[in-house]
Amino acid sequence: MAQRGSHPAVDWPARPDTSLALNHVGTFDWDLDSGRMHLDPTALEVLDLRPDEFDGSPAGLRVRLGPAEEARLDARVAQALRDGHSHYGAYVRTRGRDGARSWLHVQGHILRDPRGRPYRVIGIIRDAAHDPGEPGAGGDQEDDRRRMTGVVERTTAILAHARTVNDVTDVLKDPEALGHLGAVSVMLGVVDGGRIHLVAEGQLGSYVPEIEYTRIDAQFPMSEAVRTMQPVFLASREEFQLGYPQLWPYIEPLSVRSGVYLPLIAQGRPIGALGLLYKRDGDFTAEERNLLMALGSGIAQSLQRAMLFEQEHDLAEGLQRAMLPRRIPEVAGARIAVRYRAARMGRDIGGDWYDVVPLGEGRVGVMIGDVEGHDTDAAAVMGQLRIVLRAYVAEGHTPGTAMARASAFLHELETERFATCTYAEVDLTTGMLRMVRAGHLDPVVRRGDGTCHRIQVAGGLPLGLPPRDQPGSGCGYPVTSIELHPGDTLLLCTDGLIERPGDDSDTGMREFMEAVSDGPVDVEELADVLCDLVGDSGGGDDMALLLLCRRGTPTARGGGPLHHRLDPGDPEAPAMARHLIRAAVTAWGAGDRADEIELAADELMTNALVHTDGGGEVSMRLTADGRIRIEVEDSSSALPQRREAGDWAVSGRGLLLVEQLADDWGVEPRGGGKRVWCEFTTAPVAAGPAEQVVAAVAAEPAVAAG
């Protein structure tokens, strides 16, 4: 085909070069989108397949590949596709029509679209049985020398890309690498204090648990190689039996007739040893010994580099975790789960964080954020910022004020770093959720019925950036309020959770939302499911996740009692209470009286805030006889007193409005304070709109709260 979608124009199937066919090299073309595969006549011949035996798919190769070889080849291809490589290569063993085994070399070139998504693989298949340096090689001494030299060079080149100890051991266990030396078993031991830990063994199956750990001073050839820092060559079974009687019981049942144990030396000290076992008899030539020593040197450098990488990463990750909360407090009325995963980036550490702050009286604050960069400075800034924001919240500042002060603090540090953050404050008694966002991802809420959606939180600038004039924005971090019902779950995360290599963030967010909607109810299990979306091959960024589920049986919106604190220093408290009251009134079927109920509640709240010193608390519930009852409790023991309000007075009519709007109202002494209440029937009433009631009582005597 000339072109499909946005893919570059490449003929299908790719045209084989005549010179390849003459050299017994076949070609294949694999369309990853459709799954079809084309093999040219030479490739079919190399695989010993008739055209009618091949069904045009990768599954058609199974007739010649054993399960183990197929799995190994699939793993090699999958790794190349996942890691963004443009090429891959592998040596695989095949079984011909007559049952004879042979080695084939498969090499593929991966084509990707402009977004980096792989869509096609074009490659070659050739008979590797007589390659110099490849499995099954035979011939004279010159062929052997070339074979070993080639294997050493290729193995050293592959190990140069190893970043972890597991990467090194995977190379050693792969038949494409050291198995081509002709060894029937490969063992790698790492020095661990005064012992040698056998961390890898390949091919023959000579590993036994009894010798997984051996002492350096023990009578084993690997121990001797480490102890003396000299290679140990064993040319016969007799040398195994006489020289190392403790090892002989494990060697005797095997078809092993010779072996070599190479010390792995880095910076003048032994860090491990490599063991190779052979079926052949006879001593090793001087050239073979030199090549094996060169191989040991290359493995030692790769192993040391991998060990240092893991040590530095473990240290960095430990420092990162030390800056995060050591434990998440138990919060009555909520289930909370947190997760953090560091990117595999050596000693670099990031600035992702989360925190949970109990605020008392059934309230809790949760936050998540990300400081720019991946280094120790980012982590240090993260630690300071987390503590500062926690302190502002614990002091009682409103969410918007706390975020604005944290931004000013970061700006004054002059670190040239900025941070994104989302902070949410939840009243677990009422379900009131107040959120502020500083350049961060929008949070997600999953309702008790399984539906989920992103919450559009009005956002401000990332923390640390100089403030700009924002008319009407107050502190620059507006608050968004919603209700969190029993059974609802709030999800906060950093962008490392939704980033995907080669894809835009929309793809990751779509996968995230689908996983949230279909995931388990338990927050701990759901957190694990969401982390598995990324795995160890995420977008190269740290990831933090926080989930908060409000306890209780899912109910209809507004189905429970409402309680809300009124603090004198919080100008947003009455507006948020009015929002909750109107939502509850509508849910309870009294929407036609919403204006009256909201106005009466506002008058009671205003009296508590204006005429008392300690603020108060507003509550709302349905009574047994179906009435809506509003109660405002304050700390003043002075009861309301009736007084005259002049025509032009700007106050003094609050409780008279309540008397005219409500079906009933009253005052109850409560310890050192009082409770003022009013009730409304849920059935429609004949009274006009609230505006008409206000006009009718404008000149009447008023009652003022003491």
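Q: Does Phe-284 count as buried or exposed, and at what relative accessibility?
A: Buried means under 20% relative accessible area, exposed over 50%, and partly exposed in between, with a 1.4 Å probe and protein chains only. Phe-284 has 6% relative accessibility, so Phe-284 counts as buried. This is a predicted model, where local features need pLDDT of at least 70, side-chain atom pairs count only at pLDDT 80 or more, and totals for chains, interfaces and linings use all residues. Residues are numbered from 1 along each chain as its sequence is written, and side-chain values use heavy atoms, leaving out hydrogens and water.

Q: How many aromatic pairs does the structure hold?
A: A pair of aromatic rings is described by the distance of the centres and the angle of the planes. Rings of Phe, Tyr and Trp (its six-membered ring) pair if their centres lie within 6.5 Å; planes under 30 degrees apart count as stacked, over 60 as edge-to-face and the rest as tilted. Here there are two aromatic pairs. The ring centres of Phe-233 and Phe-284 are 5.4 Å apart and their planes stand at 50°, so this pair is tilted. For Tyr-278 and Phe-284, the centres are 5.6 Å apart and the planes at 65°, so that pair is edge-to-face.

Q: Which residues form one aromatic cluster?
A: Phe-233, Tyr-278 and Phe-284 do. Tyr-278 has 4% relative accessibility, so Tyr-278 counts as buried, and Phe-233 is buried too.

Q: How much of the protein chain counts as buried?
A: Of its 706 residues, 50% do.
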